Amino acid sequence: MDGSASALIDHYLSFLRAQRKLSPHTLDNYGRDLKELRSLLAPADEAAAAAEPDLHRVTQTQIRKCAARLHARGLNARSISRKLSAWRGFFGWLSLHSALAANPVDGIKPPRKSKPLPKALAADDAIRLVAQNAPGRDPDSTLAACNRAMFELLYSSGLRVSELVGIDVADIREGRYASAGWIDLGEAEVTVTGKGGKKRKVPVGQAALQAIGDWLPLRATLVRADLGPDCHALFLNERGARMSPRVTQLRLKAHGKGLDMASDVHPHMLRHSFASHVLQSSGDLRAVQEMLGHASITATQVYTALDFQRLAQVYDQAHPRARKSGDK
């Protein structure tokens, strides 16, 4: 078998075609990835560039450098991972047909996939979402009052939806039942149980306190003692049972659509908005970490990037020298 790089790649593709029965489209992808590897391994010296690389002598260090060059070109982690997989398969086949000591791609991991930044609403949009009643809905109805109180509290205190629905009207201790969370209107704070069973206290803003105060008299008409501990829940559904996370999600989504919000809103978006807006105003990352209940500051630092992204957008829109030369 011809040992040149081009010939070895052609032999491998013939093997995939005949033995693995891969589709022409998949074979084309493998071919491109392997030819790119050959190109990456080619000597930088123009005088030596005509000589093909010896694929039998490729080292793990060379593969790492190839992956690093792809990353430097701006190739995303998913594409690099696909190429590494194609290269690994090739060298695995080569080891069966030659004296290749080890697969040089084994142990090589692609760069970590960048996590998308959380979606947060602009401050004006967040306020409109939690404070404004959807057109055509009765603002004085029990449903509207419950929704307003839930949405205001989500945004006011940056709660997870699971924490929100676990809140009771007070700190209840009855037999084996103990409140996971409760509201203290006098102290303007809410206690919730977050991840890992950790409790934390978070301030509650005046708008949320007002909305909860408007909701409580209507809530009293729904309370049913026969539902056990559910009768202590701050937020009840139409049957008097504790509000569920799913129903809360659906109500917020429907409310956002009713207001023609551009985004498909959900409770965690209000949590992201809370964190982003508090950080923008205070710059206190540690305080935001404590209010969100993050065990590590690393989880909270994503909002620093979100804050910078928003500042960059403002700069691009406002600064006369920020526009690209082709923009008008």
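Biologist: Why is Tyr12 called buried in this predicted model?

Modeller: Tyr12 has 3% relative accessibility. Buried means under 20%, so Tyr12 counts as buried.

Biologist: What makes Phe15 buried, exposed or partly exposed?

Modeller: The relative accessibility of Phe15 is 30%. Exposed would require over 50%, and buried under 20%; Phe15 therefore counts as partly exposed.

Biologist: Why is the pair of Phe90 and Trp93 called tilted?

Modeller: The ring centres of Phe90 and Trp93 lie 6.0 Å apart, and rings pair if their centres lie within 6.5 Å. Their planes stand at 35 degrees. Stacked requires under 30 degrees and edge-to-face over 60, so this pair is tilted.

Biologist: How do you know that Phe90 and Trp93 are separated by about one helical turn?

Modeller: Both belong to helix 4 (residues 77–97), and they are three residues apart, which means about one turn. Phe90 and Trp93 are both buried.

Biologist: How many aromatic pairs does the whole structure hold?

Modeller: The search finds six. Among them is the pair of Tyr12 and Phe15, with 6.3 Å from centre to centre and 25 degrees between the planes. Stacked means planes under 30 degrees apart, so this pair is stacked. Tyr12 and Phe15 lie in helix 1 (residues 5–20), three residues apart.

Biologist: Which residues do ring pairs link into a cluster?

Modeller: The cluster consists of Tyr12, Phe15, Phe90, Phe91 and Trp93.

Methods:
Residues numbered from 1 in each chain as written. Predicted model: local features only at pLDDT ≥ 70, side-chain atom pairs only at ≥ 80, totals over all residues. Heavy atoms only, no water. Helix = DSSP H or I, 4+ residues; strand = E, 2+ residues; numbered from the N terminus. Buried < 20%, exposed > 50% of the residue type's maximum accessible area, 1.4 Å probe, protein only.
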